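Here are my notes on the model you sent over. Have it open while you read, and go through the points in order.

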Amino acid sequence: MFFEFGIKDIVDIVLVAVMLFYVYRLMKESRSLNVFMGILMFVVLWLVVSQVLAMKLLGSIMDKLVSVGVIGLVILFQDDIRKFLYNLGAHQRFQGLRRLFLNGDRRQDPEVLKRSIMPVVLACMSMSRKKVGALIVLQRSTPLDDIVATGEHIDASINQQLIENIFFKNSPLHDGAMVIAHQRIEAAGCILPVSHSLDIPKALGLRHRAALGITHESDCIAIVVSEETGGISVAIRSEFQLRLSAEELESILTKEMA
């Protein structure tokens, strides 16, 4: 036989195919698909030149380019690599290992949790009726210090009236995001990374894209109140839950923040 083909080779091919598919999807979402296709074509050309045609001179030149290009790829795709590693670590199958490093599964007291959630729910419902746009980010295990640093530091207790006043249309902080962490309003007017996913409905605006963008990079919960429709949406783990009622919003926050 020219070569032996076994189960290990099948597993190898399947794993490479899955990896390439995931990278393709990641590049498509980040609008780097053309760069990815160019790199893929270069790799195929390198394999043909060095392995199939055995062209020593051109093959050695391309070998050097590949060895140096790995460092360039890390620099060029550092945000995409970070997102890939975060999604891998945030996968549900690795949550047990994550809790081990966090010294166990520490759950919040139900009464304390309810006191911090209800003002947010009531404020969102009030702003929904008035069609006041809002973007609220609830921190969980991943720190959001870099996001807090982009806004105005507040450090106040969670209060319905304060939330509504911050997002009042004439308020200087109403365009940014509010970050809530450790049962406190940490900051307002914060700048969030915007998602470039093509799967977001065109009817959703920049607030929704920013809400989805921050969930790409952390395990936070992002709440959006639409200024156009008054609809309430929640972004969790890079997915939207749209047109929520007060009871649904409270249920989601209670479950996810517990």
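Predicted model: local features only at pLDDT ≥ 70, side-chain atom pairs only at ≥ 80, totals over all residues.

1. Most residues other than glycine have a negative phi. The residue sits in the loop between helix 6 and strand 1, and it counts as partly exposed because its relative accessibility is 39%, between the 20% and 50% cut-offs.

2. You'll find Arg-237 in the loop between strand 6 and strand 7 (239–241). With a relative accessible area of 46%, Arg-237 is partly exposed.

3. Back to helix 6 itself. The helix runs over residues 110–130 and has 21 residues. From first C-alpha to last it reaches 30 Å, close to the 30 Å expected at 1.5 Å a residue.

4. Which residues of helix 6 are buried? The list is Leu-113, Ser-116, Ile-117, Pro-119, Val-120, Val-121, Ala-123, Cys-124, Met-125, Ser-126, Met-127 and Ser-128. Their cover includes strand 1, helix 8, strand 3, strand 5, strand 6 and helix 10.

5. Why does Ser-128 count as buried? Its relative accessibility is 17%, and the cut-off for buried is under 20%. Leaving aside residues up to four places away in sequence, Ser-128 touches Val-225, Gly-230 and Ile-232.

6. Now the largest nonpolar core, which has 32 residues. Those with the most contacts inside this core are Val-120, Ile-136, Ile-163, Ile-223, Leu-249 and Leu-253. Elements giving two or more residues to it include strand 1 (134–138), helix 8 (160–166), strand 5 (221–225) and helix 10 (246–257). Helix 6 gives the most, with 8 residues. As background, nonpolar side chains tend to be buried together in soluble globular proteins.

7. Not counting residues up to four places away in sequence, Ile-163 touches Pro-119, Val-120, Ala-123, Met-127, Ile-136, Ile-158, Met-178 and Ile-185. Apart from this core lies another one, of 20 residues, among them Ala-177, Val-179, Ala-187 and Leu-212.

Note on methods:
Residues numbered from 1 in each chain as written. Heavy atoms only, no water. Helix = DSSP H or I, 4+ residues; strand = E, 2+ residues; numbered from the N terminus. Buried < 20%, exposed > 50% of the residue type's maximum accessible area, 1.4 Å probe, protein only. Contact = heavy atoms within 4.5 Å. Core = buried A, V, L, I, M, F, W, Y, C linked by side-chain atoms within 4.5 Å. Expected span 1.5 Å × (residues − 1).
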